[in-house]
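Me: I want to learn how to read a pocket and its ligand. Can you take me through one case?

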Amino acid sequence: MATEKTPQVAVVMGSDSDLKVMESCIEQLREFGLTPEVRIISAHRTPRIAAEFAETAESRGIQVIIAAAGMAAHLAGALAAWTTLPVIGVPLAAEPGIGGLDALLSTVQMPPGVPVATVAIGKPGAKNAAILAVQILARRDPALRNKLVEFKTKQAQAIQQKDAALG
Ligand code: RP5
């Protein structure tokens, strides 16, 4: 298993304009004690770097790649083409745009043989991508699994408190 200082999760986004949304992904990973490798790499503007990044990720200790992009969002699929690591795709709503439906379809509609685990558009998806990455890592990390149990328990308690407050 990679040491704690070696990032196990990579968070890649197509542009610095995606960072505002993806900060919630990075923050969620940090709450689980993970320090991700964070990169801005574009499938269209820096395609060679994208391929090189994906091809070398596993040898650098990365176990899960989270890839976020807007518009014709090919980043997650382009990375998945070059690695056997699980790739989680986060479709983003770029401005001006059509609400992220463009990115959702570009990310989720992968041809058979090259899956991308696609989460919801925008901030909810960014957060869920982090949790899904933790769930993947937790299969081989009991401490991380315990943190997930605690996370779910707290989440349920928060809903129950809101329910009780309604009277
Ligand atoms: C995508 O195009 C990026 O992921 C971003 O969501 C969108 C717009 O990029 P910028 O023009 O803001 O750099 O590749």
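Me: Where does the ligand sit?

Reply: Keep in mind that this model is predicted. Start with the general idea: rolling a probe the size of a water molecule over the atoms shows where empty space is left. In this case, the ligand sits in the largest pocket.

Me: What volume does the largest pocket have?

Reply: About 480 Å³. The lining counts 22 residues, and Ser15, Ser17, Asp18, Gly70 and Ala94 are the closest to the pocket centre. Two elements give two or more residues to this lining: helix 1 (19-31) and strand 3 (64-70).

Me: How many nonpolar, polar and charged residues are in the lining?

Reply: The lining of the largest pocket has 10 nonpolar, 8 polar and 4 charged residues. Now take the shell around the ligand: 1 nonpolar, 4 polar and 2 charged.

Me: Which residues are around the ligand?

Reply: Gly14, Ser15, Ser17, Asp18, Arg45, Ala69 and Gly70.

Me: What share of the ligand's exposed area does the protein bury?

Reply: Taken alone, the ligand exposes 360 Å², and the protein buries 74% of that.

Terms used. Residues numbered from 1 in each chain as written. Predicted model: local features only at pLDDT ≥ 70, side-chain atom pairs only at ≥ 80, totals over all residues. Heavy atoms only, no water. 1 Å grid on protein atoms, 1.4 Å probe; cavity = no way out; pocket = protein on both sides within 12 Å on 5 of 7 lines; lining within 4 Å. Points joined across faces, edges and corners; volume = space filled by probe spheres on them. Helix = DSSP H or I, 4+ residues; strand = E, 2+ residues; numbered from the N terminus. Nonpolar A, V, L, I, M, F, W, Y, C, P; charged D, E, K, R; others polar. Near = heavy atom within 4 Å. Areas by Shrake-Rupley, 256 points an atom, 1.4 Å probe, with all protein chains shown as cover. Sits in = over half its atoms within 2 Å of the grid points.
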